[in-house]
Amino acid sequence: PTVSMQLKKLADSVGETLYETRGRKLYFTDAGQRLIAAGREIFDVIGRLDSELADLHGLKAGTLKLAVVTTAKYFIPHLLGPFCARFPEIDVSFAIGNREQVIERLERNDDDIYIFSHPPRELDINVVQFAPNPLVVIASRAHPLAQRKRINFGDIVNEPFLMRESGSGTRLAIETFLAQHHHTLNVRMTISSNEAIKHAVAEGLGLAIVSQHSLAYSSAPDICVLNVKNFPIKNDWYLVSVRGKRMSKIAETFVDYLQHEGVAMLRQKASA
Ligand code: PGA
(Lines give C-alpha, C1' and ligand atoms only; values in the text may rest on other atoms or scores of the structure.)
Protein backbone atom coordinates (compact mmCIF):
# COMPACT_ATOMS: atom_id res chain seq x y z
CA PRO A 1 0.00 0.00 0.00
CA THR A 2 2.82 2.46 0.76
CA VAL A 3 4.39 1.86 -2.64
CA SER A 4 1.02 2.21 -4.42
CA MET A 5 0.44 5.51 -2.63
CA GLN A 6 3.89 6.80 -3.65
CA LEU A 7 3.29 5.68 -7.25
CA LYS A 8 -0.04 7.49 -7.27
CA LYS A 9 1.60 10.67 -5.99
CA LEU A 10 4.32 10.34 -8.64
CA ALA A 11 1.69 9.83 -11.40
CA ASP A 12 -0.23 12.89 -10.14
CA SER A 13 2.88 15.05 -10.19
CA VAL A 14 3.86 13.88 -13.70
CA GLY A 15 0.24 14.19 -14.86
CA GLU A 16 0.33 10.86 -16.71
CA THR A 17 -0.79 7.31 -16.08
CA LEU A 18 2.43 5.43 -15.29
CA TYR A 19 1.16 1.85 -15.14
CA GLU A 20 -1.82 -0.38 -15.67
CA THR A 21 -2.76 -3.49 -13.79
CA ARG A 22 -4.08 -6.58 -15.53
CA GLY A 23 -5.09 -9.29 -13.12
CA ARG A 24 -2.37 -9.29 -10.49
CA LYS A 25 0.26 -8.02 -12.94
CA LEU A 26 1.50 -4.49 -13.34
CA TYR A 27 2.55 -3.07 -16.73
CA PHE A 28 4.29 0.26 -17.27
CA THR A 29 2.79 2.60 -19.83
CA ASP A 30 5.01 4.45 -22.34
CA ALA A 31 5.02 7.43 -19.97
CA GLY A 32 6.03 5.10 -17.12
CA GLN A 33 8.89 3.63 -19.18
CA ARG A 34 10.15 7.10 -20.05
CA LEU A 35 10.03 8.15 -16.43
CA ILE A 36 12.08 5.06 -15.49
CA ALA A 37 14.67 5.91 -18.16
CA ALA A 38 14.86 9.52 -16.96
CA GLY A 39 15.21 8.34 -13.35
CA ARG A 40 18.12 6.08 -14.32
CA GLU A 41 19.84 8.96 -16.10
CA ILE A 42 19.41 11.18 -13.04
CA PHE A 43 20.91 8.54 -10.75
CA ASP A 44 23.71 8.02 -13.23
CA VAL A 45 24.53 11.74 -13.26
CA ILE A 46 24.48 11.84 -9.45
CA GLY A 47 26.73 8.76 -9.33
CA ARG A 48 29.15 10.42 -11.76
CA LEU A 49 29.19 13.57 -9.70
CA ASP A 50 30.02 11.49 -6.62
CA SER A 51 32.94 9.85 -8.35
CA GLU A 52 34.17 13.17 -9.85
CA LEU A 53 34.11 14.72 -6.37
CA ALA A 54 35.88 11.65 -4.98
CA ASP A 55 38.55 11.99 -7.69
CA LEU A 56 39.31 15.48 -6.41
CA HIS A 57 40.53 13.73 -3.26
CA GLY A 58 42.74 11.33 -5.22
CA LEU A 59 42.30 7.75 -4.05
CA LYS A 60 41.34 8.72 -0.56
CA ALA A 61 37.58 8.54 -0.93
CA GLY A 62 34.76 7.15 -3.01
CA THR A 63 33.20 3.81 -3.79
CA LEU A 64 34.44 1.06 -6.07
CA LYS A 65 31.35 -0.57 -7.55
CA LEU A 66 31.95 -4.15 -8.61
CA ALA A 67 29.58 -6.83 -9.87
CA VAL A 68 30.89 -10.35 -10.41
CA VAL A 69 29.50 -13.73 -11.45
CA THR A 70 29.21 -16.32 -8.69
CA THR A 71 32.40 -18.19 -9.54
CA ALA A 72 34.48 -15.01 -9.29
CA LYS A 73 33.26 -14.48 -5.73
CA TYR A 74 35.81 -17.09 -4.63
CA PHE A 75 38.87 -15.10 -5.59
CA ILE A 76 37.81 -11.45 -5.76
CA PRO A 77 37.77 -11.00 -1.95
CA HIS A 78 41.39 -12.28 -1.85
CA LEU A 79 42.37 -9.64 -4.40
CA LEU A 80 40.29 -6.93 -2.72
CA GLY A 81 42.07 -7.56 0.62
CA PRO A 82 45.49 -6.16 -0.38
CA PHE A 83 43.86 -3.47 -2.55
CA CYS A 84 41.74 -2.14 0.32
CA ALA A 85 44.75 -2.30 2.66
CA ARG A 86 46.57 -0.03 0.20
CA PHE A 87 43.62 2.41 -0.06
CA PRO A 88 41.94 2.06 3.35
CA GLU A 89 39.53 4.93 2.93
CA ILE A 90 37.66 3.71 -0.11
CA ASP A 91 34.35 1.86 0.10
CA VAL A 92 33.56 -1.18 -2.00
CA SER A 93 30.14 -2.28 -3.15
CA PHE A 94 30.37 -5.88 -4.30
CA ALA A 95 27.36 -7.48 -6.03
CA ILE A 96 27.25 -11.18 -6.92
CA GLY A 97 24.89 -12.98 -9.28
CA ASN A 98 24.85 -15.54 -12.04
CA ARG A 99 25.75 -14.41 -15.56
CA GLU A 100 22.21 -13.37 -16.41
CA GLN A 101 21.80 -11.33 -13.23
CA VAL A 102 25.13 -9.56 -13.75
CA ILE A 103 24.15 -8.78 -17.38
CA GLU A 104 20.99 -7.12 -16.01
CA ARG A 105 23.17 -4.92 -13.76
CA LEU A 106 25.41 -4.11 -16.73
CA GLU A 107 22.39 -3.10 -18.83
CA ARG A 108 21.24 -0.81 -16.02
CA ASN A 109 24.77 0.62 -15.76
CA ASP A 110 24.75 -0.09 -12.00
CA ASP A 111 28.49 -0.63 -11.45
CA ASP A 112 31.98 0.47 -12.56
CA ILE A 113 33.45 -2.95 -13.31
CA TYR A 114 31.93 -6.34 -14.07
CA ILE A 115 33.68 -9.69 -14.04
CA PHE A 116 32.44 -12.40 -16.40
CA SER A 117 33.80 -15.47 -18.02
CA HIS A 118 31.28 -15.07 -20.86
CA PRO A 119 30.78 -11.35 -21.48
CA PRO A 120 27.61 -10.51 -23.43
CA ARG A 121 29.04 -9.72 -26.87
CA GLU A 122 25.86 -7.97 -28.03
CA LEU A 123 26.31 -5.02 -25.63
CA ASP A 124 28.49 -1.94 -26.20
CA ILE A 125 31.25 -2.77 -23.72
CA ASN A 126 35.01 -2.80 -23.18
CA VAL A 127 36.28 -6.31 -22.56
CA VAL A 128 39.74 -7.16 -21.19
CA GLN A 129 40.82 -10.76 -20.70
CA PHE A 130 42.80 -11.12 -17.48
CA ALA A 131 43.11 -14.70 -16.18
CA PRO A 132 42.23 -18.32 -16.98
CA ASN A 133 39.09 -19.93 -15.55
CA PRO A 134 39.40 -23.70 -16.15
CA LEU A 135 36.35 -25.93 -15.63
CA VAL A 136 36.91 -29.41 -14.17
CA VAL A 137 34.85 -32.54 -13.52
CA ILE A 138 34.43 -33.35 -9.83
CA ALA A 139 33.25 -36.48 -8.02
CA SER A 140 33.04 -37.75 -4.47
CA ARG A 141 36.35 -39.21 -3.28
CA ALA A 142 34.42 -42.43 -2.64
CA HIS A 143 33.28 -42.66 -6.29
CA PRO A 144 34.88 -45.62 -8.20
CA LEU A 145 36.02 -43.17 -10.95
CA ALA A 146 38.11 -41.27 -8.39
CA GLN A 147 40.80 -43.98 -8.71
CA ARG A 148 40.83 -44.06 -12.54
CA LYS A 149 43.95 -42.56 -14.15
CA ARG A 150 42.42 -41.56 -17.48
CA ILE A 151 38.72 -41.21 -18.26
CA ASN A 152 37.05 -40.60 -21.61
CA PHE A 153 34.24 -38.06 -21.37
CA GLY A 154 32.02 -40.45 -23.34
CA ASP A 155 32.37 -42.96 -20.49
CA ILE A 156 30.87 -40.64 -17.88
CA VAL A 157 27.99 -38.96 -19.75
CA ASN A 158 25.55 -41.52 -18.37
CA GLU A 159 26.58 -40.83 -14.77
CA PRO A 160 24.10 -38.59 -12.96
CA PHE A 161 25.25 -34.97 -13.25
CA LEU A 162 24.42 -31.94 -11.12
CA MET A 163 24.02 -28.86 -13.29
CA ARG A 164 23.87 -25.11 -12.63
CA GLU A 165 20.64 -23.24 -13.45
CA SER A 166 19.92 -21.67 -16.84
CA GLY A 167 21.34 -18.13 -16.85
CA SER A 168 24.61 -19.45 -15.40
CA GLY A 169 27.81 -18.83 -17.38
CA THR A 170 29.22 -22.14 -16.14
CA ARG A 171 26.21 -23.91 -17.63
CA LEU A 172 26.64 -21.99 -20.88
CA ALA A 173 30.28 -23.12 -21.09
CA ILE A 174 29.28 -26.74 -20.40
CA GLU A 175 26.54 -26.64 -23.03
CA THR A 176 28.95 -25.18 -25.60
CA PHE A 177 31.47 -27.95 -24.79
CA LEU A 178 28.76 -30.64 -25.11
CA ALA A 179 27.60 -29.24 -28.46
CA GLN A 180 31.20 -29.16 -29.77
CA HIS A 181 31.80 -32.77 -28.73
CA HIS A 182 28.32 -34.05 -29.69
CA HIS A 183 27.49 -35.26 -26.20
CA THR A 184 24.50 -34.91 -23.90
CA LEU A 185 24.59 -35.28 -20.14
CA ASN A 186 22.37 -37.25 -17.82
CA VAL A 187 21.31 -34.29 -15.66
CA ARG A 188 19.93 -35.52 -12.38
CA MET A 189 19.51 -32.22 -10.59
CA THR A 190 19.70 -28.50 -11.28
CA ILE A 191 21.24 -26.53 -8.42
CA SER A 192 21.74 -22.75 -8.49
CA SER A 193 24.76 -22.66 -6.16
CA ASN A 194 28.36 -23.82 -6.60
CA GLU A 195 28.59 -24.53 -2.87
CA ALA A 196 25.46 -26.69 -2.82
CA ILE A 197 26.72 -28.53 -5.91
CA LYS A 198 30.01 -29.36 -4.18
CA HIS A 199 28.20 -30.66 -1.10
CA ALA A 200 25.79 -32.72 -3.23
CA VAL A 201 28.77 -34.20 -5.13
CA ALA A 202 30.50 -35.01 -1.83
CA GLU A 203 27.33 -36.86 -0.77
CA GLY A 204 27.55 -39.01 -3.91
CA LEU A 205 24.49 -37.50 -5.64
CA GLY A 206 26.40 -37.24 -8.89
CA LEU A 207 29.27 -35.65 -10.80
CA ALA A 208 29.52 -31.98 -11.72
CA ILE A 209 31.55 -29.58 -13.84
CA VAL A 210 32.69 -26.52 -11.91
CA SER A 211 35.29 -23.78 -12.08
CA GLN A 212 38.60 -24.75 -10.50
CA HIS A 213 38.42 -21.48 -8.55
CA SER A 214 35.40 -22.76 -6.66
CA LEU A 215 37.68 -25.49 -5.28
CA ALA A 216 40.89 -23.55 -4.71
CA TYR A 217 39.38 -20.78 -2.64
CA SER A 218 37.02 -22.56 -0.29
CA SER A 219 37.00 -25.51 2.03
CA ALA A 220 36.17 -28.22 -0.50
CA PRO A 221 34.17 -31.03 1.04
CA ASP A 222 35.11 -34.62 0.32
CA ILE A 223 35.52 -34.27 -3.44
CA CYS A 224 38.22 -34.76 -6.06
CA VAL A 225 38.93 -33.65 -9.61
CA LEU A 226 38.62 -36.44 -12.19
CA ASN A 227 41.25 -36.90 -14.86
CA VAL A 228 38.97 -36.60 -17.90
CA LYS A 229 40.22 -36.32 -21.49
CA ASN A 230 39.66 -32.86 -23.04
CA PHE A 231 39.42 -31.33 -19.58
CA PRO A 232 39.76 -28.80 -18.10
CA ILE A 233 37.45 -26.80 -20.37
CA LYS A 234 39.39 -23.63 -21.12
CA ASN A 235 37.60 -20.43 -20.13
CA ASP A 236 38.93 -17.02 -19.20
CA TRP A 237 38.00 -14.20 -16.89
CA TYR A 238 37.19 -10.84 -18.43
CA LEU A 239 36.97 -7.38 -16.94
CA VAL A 240 34.06 -5.54 -18.48
CA SER A 241 33.00 -1.90 -18.37
CA VAL A 242 30.39 0.12 -20.23
CA ARG A 243 31.94 1.74 -23.31
CA GLY A 244 31.94 5.51 -23.02
CA LYS A 245 31.24 5.51 -19.28
CA ARG A 246 33.66 7.71 -17.37
CA MET A 247 35.66 5.49 -15.01
CA SER A 248 36.39 6.80 -11.53
CA LYS A 249 40.04 6.94 -10.50
CA ILE A 250 39.44 4.12 -8.04
CA ALA A 251 37.92 1.90 -10.73
CA GLU A 252 40.81 2.64 -13.12
CA THR A 253 43.33 1.85 -10.38
CA PHE A 254 41.55 -1.39 -9.54
CA VAL A 255 41.55 -2.53 -13.19
CA ASP A 256 45.26 -1.78 -13.39
CA TYR A 257 45.88 -3.65 -10.11
CA LEU A 258 43.92 -6.71 -11.30
CA GLN A 259 45.81 -6.85 -14.58
CA HIS A 260 49.26 -6.35 -13.12
CA GLU A 261 49.16 -7.89 -9.67
CA GLY A 262 45.90 -9.83 -9.46
CA VAL A 263 46.80 -12.27 -12.21
CA ALA A 264 50.05 -13.26 -10.49
CA MET A 265 48.23 -13.64 -7.16
CA LEU A 266 45.64 -15.92 -8.78
CA ARG A 267 48.35 -18.03 -10.40
CA GLN A 268 50.15 -18.40 -7.09
CA LYS A 269 46.98 -19.49 -5.31
CA ALA A 270 46.00 -21.96 -8.05
CA SER A 271 49.37 -23.68 -7.84
CA ALA A 272 49.37 -23.74 -4.00
P1 PGA B 1 27.92 -18.31 -13.22
O2 PGA B 1 29.36 -17.71 -13.25
O3 PGA B 1 27.99 -19.75 -13.63
O4 PGA B 1 27.52 -18.15 -11.79
O5 PGA B 1 27.02 -17.51 -14.13
C6 PGA B 1 30.43 -18.13 -13.99
C7 PGA B 1 30.47 -17.67 -15.41
O8 PGA B 1 29.81 -16.71 -15.83
O9 PGA B 1 31.21 -18.33 -16.15
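Keep in mind that the model is predicted. The protein has 272 residues, and 42% of them count as buried. Its secondary structure comes to nine helices and twelve strands.

Let me take helix H2. H2 covers residues 30–56.

Gly32, Ser51, Ala54 and Asp55 of H2 are buried. Phe43 also lies in H2, but Phe43 has 65% relative accessibility and therefore counts as exposed, the cut-off being over 50%. Phe43 belongs to a nonpolar surface patch, made together with Ile42 and Ile46. The area of that patch is about 340 Å². On spacing, a general point: residues three or four places apart in an α-helix point the same way, because there are 3.6 residues a turn.

Next, the ligand. Which residues surround it? Going up the chain, they are Val69, Thr70 and Thr71, then Asn98 and Arg99, then Ser117 and His118, and finally Arg164, Ser168, Gly169 and Thr170.

For Thr170, a polar side-chain atom is 2.6 Å from a ligand oxygen. For Arg99, the atom concerned is a backbone N or O, at 2.8 Å from an oxygen of the ligand. For Thr71, a side-chain N or O atom lies 3.3 Å from a ligand oxygen. How much of the ligand does the protein bury? On its own the ligand exposes 270 Å², and 99% of that is buried by the protein.

Where does Thr70 sit? Thr70 is in the loop that runs between strand S3, residues 63–69, and helix H3, residues 76–86. Is Thr70 buried or exposed? Its relative accessible area is 14%, under the 20% cut-off, so Thr70 is buried. The side chain of Thr70 also makes a polar contact of 3.3 Å with the side chain of Arg164, and both residues are among those surrounding the ligand.

That is where I will stop.

Technical notes
Residues numbered from 1 in each chain as written. Predicted model: local features only at pLDDT ≥ 70, side-chain atom pairs only at ≥ 80, totals over all residues. Heavy atoms only, no water. Patch = residues over 30% accessible without salt bridge, like charges linked within 9 Å, V, L, I, M, F, W, Y side chains within 5 Å. Areas by Shrake-Rupley, 256 points an atom, 1.4 Å probe, with all protein chains shown as cover. Salt bridge = Lys/Arg side-chain N within 4 Å of Asp/Glu carboxyl O. Helix = DSSP H or I, 4+ residues; strand = E, 2+ residues; numbered from the N terminus. Buried < 20%, exposed > 50% of the residue type's maximum accessible area, 1.4 Å probe, protein only. Near = heavy atom within 4 Å. Polar contact = N/O pair within 3.5 Å; in protein donor to acceptor, adjacent residues only side chain to side chain.
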